[in-house]
Amino acid sequence: MDIILKYFPKLDNRKVEQFRLLEELYAEWNQKINVISRRDFSSLYEKHVLHSLSIAKFVRFAGNTQVLDVGTGGGFPGIPLAIFFPEVQFHLVDSIGKKIRVVNGVAESLELKNVTAEQIRAEQIKKRYDFVISRAVTRLPEFVPWVKNSISQKQKNAIPNGILYLKGGDIHAELKPFKNRVFVQKLSEYFEEEFFETKKLVHLSF
């Protein structure tokens with residue numbers, strides 16, 4: 001939890017308590033449904049929570065922004081961002097039902113009124129959102145066709161609507177098709193831990 005306060009020292013008491021509870025809640029759920037590898041669990045706050053919150057370093061969503069989290073797994077990046085932005089609406093989806101069960105359980109325990117979750121494939125979604133967020137579900141050229149029809153054309157934020165994609169490693173080749181619509185933010189410019197040295201946030205605008 002200290003690593004969250006290191007980079008977000010001005011969190012109010014409610015958010016601090018909700019972030020603190022994440023470890024306990026995910027430990028409990030992980031006993032039933034393995035959504036975070038046991039090898040990674042000791043780094044929950046660094047590799048999952050803080051990684052998710054890099055999006056909050058990049059953009060401060062306007063009130064009532066609609067965000068779709070595709071392939072959310074156990075709720076990342078959606079759950080940490082929903083805590084951080086209580087005035088923003090998050091819809092977390094995954095094709096695997098047991099993962100959505102975890103998301104619903106965590107959101108209910110934290111009393112997150114701005115989170116809905118659904119077992120559905122991204123390409124089946126009819127509603128439109130300001131942003132689609134995800135953590136490296138697949139290569140971007142495969143991901144974009146799944147979600148491009150889910151992005152609204154009505155702008156309300158400081159950055160254009162589009163995809164916010166957390167990815168590691170060398171992504172130069174997969175960004176080529178999108179040319180000047182892409183901005184890449186190195187997460188090492190936000191966070192000093194070694195884990196973030198190769199991690200990036202891709203903003204693909206629509």
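Tutor: What follows goes through the nonpolar cores, then the rings, then the charges. The model is a predicted one.

We begin with the cores. In soluble globular proteins, nonpolar side chains tend to be buried together. The largest nonpolar core here has 52 residues. Ile4, Leu22, Tyr26, Ile79, Phe90 and Leu164 have the most contacts inside this core. At least two of its residues come from each of several elements, among them helix H1 (2–7), helix H4 (78–84), strand S2 (89–94) and strand S5 (162–168). H3 gives the largest share, eight residues. Take Tyr26 as an example. Leaving out residues up to four places away in sequence, Tyr26 touches Val35, Ile36, Phe41, Gly74, Gly75, Phe76, Ile79, Val102 and Val106. Another core lies apart from the largest one and has 21 residues, including Tyr129, Val147, Tyr165 and Phe178.

Next, a residue of helix H2. Val16 is found in this helix, which covers residues 13–32. Val16 counts as partly exposed because its relative accessibility is 24%, and the cut-off for buried is under 20%. Setting aside neighbours within four places in sequence, Val16 is in contact with Met1, Leu5 and Leu11.

Now the rings. The structure holds twelve aromatic pairs. One of them joins Phe61 and Phe131, with 5.4 Å from centre to centre and 45° between the planes, and this pair is tilted. Phe61 is in the loop between H3 and strand S1 (66–70), while Phe131 is in strand S4, so the pair links distant parts of the chain, 70 residues apart. Phe61 has a relative accessible area of 4% and is therefore buried. Phe131, at 0% relative accessibility, is buried too. The rings of Phe195 and Phe196 have centres 5.0 Å apart and planes at 80°, which means that this pair is edge-to-face. Both Phe195 and Phe196 are buried. These two belong to a cluster linked by ring pairs, together with Tyr7, Tyr190 and Phe191.

The charged end of Lys32 sits over the ring of Trp29, 4.3 Å from the ring centre. In the case of Phe8, the charged end of Lys57 sits over the ring, 4.7 Å from its centre.

Side chains of opposite charge can pair when their charged atoms come close. The structure holds nine salt bridges. In one of them, the side chains of Glu192 and Lys6 meet at 2.6 Å, N to O. Glu192 is in the loop between strand S6 (182–186) and strand S7 (199–205), and Lys6 is in helix H1, 186 residues apart in the chain. Glu192 is exposed because its relative accessible area is 62%, whereas Lys6, with 41%, is partly exposed. Lys6 and Glu192 are also linked with Glu193 in a network of salt bridges.

Another salt bridge joins Arg139 and Glu142, at 3.5 Å, N to O. Arg139 is partly exposed, with a relative accessible area of 37%, and Glu142 is partly exposed at 36%. Glu174 and Lys167 form a salt bridge of 2.8 Å, N to O. Glu174 counts as buried because its relative accessibility is 7%, and Lys167 counts as buried at 13%.

Terms used. Residues are numbered from 1 along each chain as its sequence is written. Side-chain values use heavy atoms; hydrogens and water are left out. Helices (H or I, at least four residues) and strands (E, at least two) are DSSP runs, numbered from the N terminus. Buried means under 20% relative accessible area, exposed over 50%, partly exposed in between (1.4 Å probe, protein chains only). Contact means heavy atoms within 4.5 Å. A nonpolar core is a set of buried Ala, Val, Leu, Ile, Met, Phe, Trp, Tyr and Cys residues joined through side-chain atoms within 4.5 Å. Rings of Phe, Tyr and Trp (its six-membered ring) pair if their centres lie within 6.5 Å; planes under 30 degrees apart count as stacked, over 60 as edge-to-face and the rest as tilted. A charge sits over a ring if NZ of Lys or CZ of Arg is within 6 Å of the ring centre and within 35 degrees of the ring normal. A salt bridge is a side-chain nitrogen of Lys or Arg within 4 Å of a carboxyl oxygen of Asp or Glu.
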